[in-house]
Amino acid sequence: MTDLRFAWLEITGKCQLSCTHCYADSGPRGTEGAMSPPDWLRVVDHVAELGAHSVQFIGGEPTLHPDLPEFVDRALGAGLAVEVFSNLVHIGPRLWDTFSRPGVRLATSYYSDTASQHDGITRRRGSHARTRANIAEALHRDIPLRAGVIDVSTSDHIGRQRTRSARDELVQLGVPHVGVDNLRGIGRGANASPAADQLCGRCGHGAVAISSSGEVWPCVFARWISLGNILDTALPTILSAAPSTAPSTAPSAARAVTGPSCWPQGGGSCAPNDPPRA
């Protein structure tokens, strides 16, 4: 793999929510994994040295990692643009200060304009009110923010999902960038084993994902395709040996189907039909 431009850094599997569709299968029982803070700082340095332009801190819920502010500082100091993908359920004063720094942006997911439906998807009562309030707070603080409405309407228990109303509500709140995506059949969103048809076909094209266990994947959604583990081998070495696309011959890997790019928009989540940025 060459020409690294972006990295997902999945710093924890812990989350306050237990969303029905979570591709990372994270939740309250998740952990911070095997990666220590020095391991993550080394990864940030390597990502910058390899020429990447931006990183996204994800989880789980990245704000639950106590060292997130230090990781953000390290990334900014290395010249990387930073996005934190958070459920925005709880943001303390220290994190608001971190998110207010130049070069940092936020992203979040939203499911419905009604609390009962949103909370039914997240499986956490009160999550809608908290996320909505913190979206408003981020906008008040002029923190760059985008939101994605995820259509998980295949989940029978929520009824007909109010995705259009959710999008309209976000626009009315003043969120400048609102996207809509469909359920990914990965993690808790899968009815069976994950399949390559859930991928866009460009895994590893300028992007890499690193998990809290140190596993390196060509995409945050291609979680069954391991390129190596940075607790055993340095990231530059792993990427220098990695193919430019998902391997087709490894017994644990399925080649991604050819399709449109899902390059992270604004340095953020994987979004279909969003072409790579320079």
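# Two helix pairs

User: How do the axes of H1 and H2 sit relative to each other?

Analyst: In this predicted model, helix H1 (residues 37-49) and helix H2 (residues 68-77) have axes that come within 9 Å and cross at roughly 20°. That angle makes H1 roughly parallel to H2, because angles under 35 degrees count that way.

User: Is the crossing of H1 and H2 left-handed or right-handed?

Analyst: Right-handed.

User: Which residues of H1 and H2 meet?

Analyst: H1 brings Pro37, Trp40, Leu41, Val44 and Asp45. H2 brings Glu70, Phe71, Arg74 and Ala75. By class, this contact of H1 with H2 holds six nonpolar and three charged residues, and no polar ones.

User: Let's pick Arg74. What does Arg74 touch?

Analyst: Arg74 is placed in helix H2. Leaving aside residues up to four places away in sequence, Arg74 touches Leu41, Val44 and Asp45.

User: How far apart are Arg74 and Leu41?

Analyst: In sequence, 33 residues. In space, 6.9 Å from C-alpha to C-alpha.

User: And why does Arg74 count as partly exposed?

Analyst: Because its relative accessibility is 34%, and partly exposed lies between under 20% for buried and over 50% for exposed.

User: New topic. At what angle do H5 and H6 pack?

Analyst: About 35°, for helix H5 (residues 127-140) and helix H6 (residues 163-173). Their axes are 10 Å apart.

User: Which residues meet there, between H5 and H6?

Analyst: From H5, His128, Arg132, Ile135 and Leu139. From H6, Glu169, Leu170 and Leu173. The contact of H5 with H6 divides into four nonpolar, one polar and two charged residues.

Definitions and conventions
Residues are numbered from 1 along each chain as its sequence is written. This is a predicted model: local features need pLDDT of at least 70, side-chain atom pairs count only at pLDDT 80 or more; totals for chains, interfaces and linings use all residues. Side-chain values use heavy atoms; hydrogens and water are left out. Axes are lines fitted to C-alpha atoms, for helices over the stretch in contact, and angles run from 0 to 180 degrees between N-to-C directions. Helices (H or I, at least four residues) and strands (E, at least two) are DSSP runs, numbered from the N terminus. Angles under 35 degrees count as roughly parallel, over 145 as roughly antiparallel, 65 to 115 as roughly perpendicular and the rest as oblique. A crossing is left-handed if the near helix is turned anticlockwise from the far one by less than a right angle, and right-handed if clockwise. Contact means heavy atoms within 4.5 Å. Ala, Val, Leu, Ile, Met, Phe, Trp, Tyr, Cys and Pro count as nonpolar, Asp, Glu, Lys and Arg as charged, and the others, Gly among them, as polar. Buried means under 20% relative accessible area, exposed over 50%, partly exposed in between (1.4 Å probe, protein chains only).
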